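Q: I am new to this model and would like a close look at one part of it, followed by an account of its surroundings.
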Amino acid sequence: MSLDNEVLGVNSFKLESSREIQSIIGNIENLKKENILIHIISFIHNTVLVQSLKNELVKIFPNAKIVLLKHEDKTNTQLILYSLKKDADPQNISDEIAKDLYTKITEQAHELREYRNKLFSRYFTDHLTNLPNTYKLRNDLDELKEFSLVVFNIDNFQMINNFYGYIVGDYVIEKVGKYLQENIPQHHIYKLSGDEFAFIIDKEIGFYELKDYLDELYEKIKNITIEYQDISIYVDFTLASSANIDNKNIFSKVSMALKYAKEIGAKYWIYEDRMNFENEYERNLKLSGIVRDAVENFRIIPYFQAIVNTETLKIEKYECLARLIDRNGKILSPTLFIPVAKKIKLYNIVTKAIIDKSFETFENSEFEFSINLSIEDIMSSEIFNFIVQKLKSSNASRRVIFELLESDAVEDFKKVERFISEVKRYGARIAIDDFGSGYSNFGYLMRMNADFIKIDGSLVQDIDVDRNALFIVETIVEFAKKLGIKTIAEYVHSSVIMDIVKKLGVNYSQGYYIDEPSIELLKKDN
């Protein structure tokens, strides 16, 4: 190993046996012969290796000072040659070399400190914006006893990234960082992960003072326009902060406030302990575990609710309703576990389990049966292919009715029409669920080529006391008759409601007055 500088040359070698001596001698015999200090460092000195090495070195460097030193390494012997590249008194050669070694070590220590500082700087700096990053923010917060944290999130950044690409996305992040620095100069701006920024207010602020501050701040920074070549890119923010005296878990609290603000479309949200966001997160975590366990152990099952012919009161169909049974035997409704299943990427498995078990139940039955599908199901190629394969192989294909949730917004009608067209090839039929709510319109109904309309239960359950509800149901029934579409009334909960829907000419009825959802089919007609 060689560590030369302008004044002092240092050459270092390790030897395990005397066989290596000649190779090393060949490497050093051309070195300057004057002003040489040699250290031979070994566990013991009276070995063949040490003595042979010393004799060879004396031949090459007759005027060199050779010093034998000890170390604890029993295997290796180390040879170090210090070569002073300036004139020096031979009597003081050791002192001169020691002085130069000290200078070299001092310079290296300084370089090491500079390198370490650069490393720390990189560790605490966002490389895209050169703003202090999350690690720096956490470090700075540890130094403060009282503070308020404000976090910004770019609302439409994902759309910008997807539409314009990552190069433009990075450009937007850079420009937003500079904009915040210029427009909020009283605070140090931090660049957090993704599309988030933050700053610290180095004092505690009460809720109402913080609210006024965020109102003023939002007005100051809203509607940023960033020019990229000939493109104008509009940027908006959602803000979040916390008004708690206790700043423990501050990042978690502000993140929950930010998430909530985005969910409800607010321009900002301030976290307070009384909001109990933690309870909701804890509940969702528990539900996630319950859903995973139920999926792994095949405890996602259909319950069945009878649908009767309104004229004859005979059961002709069943609706298959998703249920989850937890490990304690408790039944969970889909309103609880379906949103969680979507978040943890298990929704497709749940849908396929309900389809599979419903077809199995009605494979050799006389009854028709309906299965609920969301727009997400229809848009999923995995679910689409699963349904088609099921229709191809099942005896129940001509008795299944797929209920499409009319309350879901449809953005790609071509995919919906393709799905309807394909399932109808195998004899399946289509019902529009919850008609009369959400995105209801009669043009939608005609495009869906529906066989059945399920009139929304919120209308049916009040038709005995609400004249407007009665009028809407009557209108839907008359329109459906003209189109040759059968109608089904949901939420028939009393004999009075049953009489009214019968009088209106509704074809089928469903509700707790007729039958509650159950794991078993009714043994006989109602």
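Is lysine 317 buried or exposed?

A: Lysine 317 is buried, with a relative accessible area of 3%. Here buried stands for under 20% relative accessible area, exposed for over 50% and partly exposed for values in between, with a 1.4 Å probe and protein chains only. The model is predicted, so local features are described only at pLDDT of at least 70 and side-chain atom pairs only at 80 or more, while totals for chains, interfaces and linings use all residues. Residues are numbered from 1 along each chain as its sequence is written, and side-chain values use heavy atoms, with hydrogens and water left out.

The partner of lysine 317 is glutamate 368: the two form a salt bridge in which the closest N and O atoms are 2.3 Å apart. This pair connects distant parts of the chain, since lysine 317 lies in strand E13 and glutamate 368 in strand E15 (residues 368-373), 51 residues apart. The term salt bridge denotes a side-chain nitrogen of Lys or Arg within 4 Å of a carboxyl oxygen of Asp or Glu. Strands (E, at least two residues) and helices (H or I, at least four) are DSSP runs, numbered from the N terminus. Glutamate 368 is also buried, with a relative accessible area of 17%. In general, side chains of opposite charge can pair when their charged atoms come close.

The structure holds 19 salt bridges. One of them joins arginine 327 to aspartate 293, with 3.0 Å between the closest N and O atoms. Arginine 327 belongs to the loop between strand E13 (315-325) and strand E14 (331-332), whereas aspartate 293 belongs to helix H9 (residues 277-296), so this pair ties together parts that are 34 residues apart in sequence. Arginine 327 is exposed at a relative accessible area of 65%, but aspartate 293 counts as buried at 14%.

Another salt bridge brings together the side chains of aspartate 451 and lysine 424, at 3.2 Å from N to O. Aspartate 451 sits in the loop between helix H15 (442-447) and strand E18 (452-455), and lysine 424 sits in helix H14, so the pair ties together parts that are 27 residues apart in sequence. Aspartate 451 is partly exposed, with a relative accessible area of 22%; lysine 424, at 24%, also counts as partly exposed. Elsewhere, Glu319, Glu403, Lys454 and Glu490 are linked in a network of salt bridges.

Helix H14 (residues 413-425) also contains glutamate 422, which is buried at a relative accessible area of 18%. Apart from residues up to four places away in sequence, glutamate 422 touches Phe384 and Val388; contact means heavy atoms within 4.5 Å.

Four bridges join E18 to strand E19 (residues 486-489), and the two run parallel; strands count as paired if DSSP finds at least two bridges between them. Within this pairing, isoleucine 455 stands opposite alanine 489 in E19. E19 pairs in turn with strand E20 (residues 508-509), in the parallel sense and over two bridges, where isoleucine 488 stands opposite tyrosine 508. From E19 the chain crosses through helix H18 (residues 495-504) to E20 in a right-handed β-α-β crossover. Right-handed means that, with the strands pointing away from the viewer, the path from the first strand over the helix to the second runs clockwise.

An open sheet is found in another part of the chain, where four strands are arranged in the order E1-E4-E2-E3 with mixed pairing. Strand E1 (8-15) and strand E3 (65-70) stand at the edges with a single partner strand each, so one side of each has no neighbour in the sheet. From one strand to the next, the twist averages 15 degrees. Strand E2 (residues 36-42) and strand E4 (residues 77-84) run antiparallel and are joined by six bridges, with leucine 37 opposite tyrosine 82 in E4. Helix H1 (residues 21-28) packs on the sheet, touching E1 and E4, and its direction makes about 170 degrees with that of E1. Such angles run from 0 to 180 degrees between N-to-C directions, with axes fitted as lines to C-alpha atoms, for helices over the stretch in contact. Helix H2 (residues 48-60) lies across E1, E2, E3 and E4, at about 170 degrees to E2.

For the whole, the protein has 18 helices and 20 strands, and buried residues make up 45% of its 526 residues.
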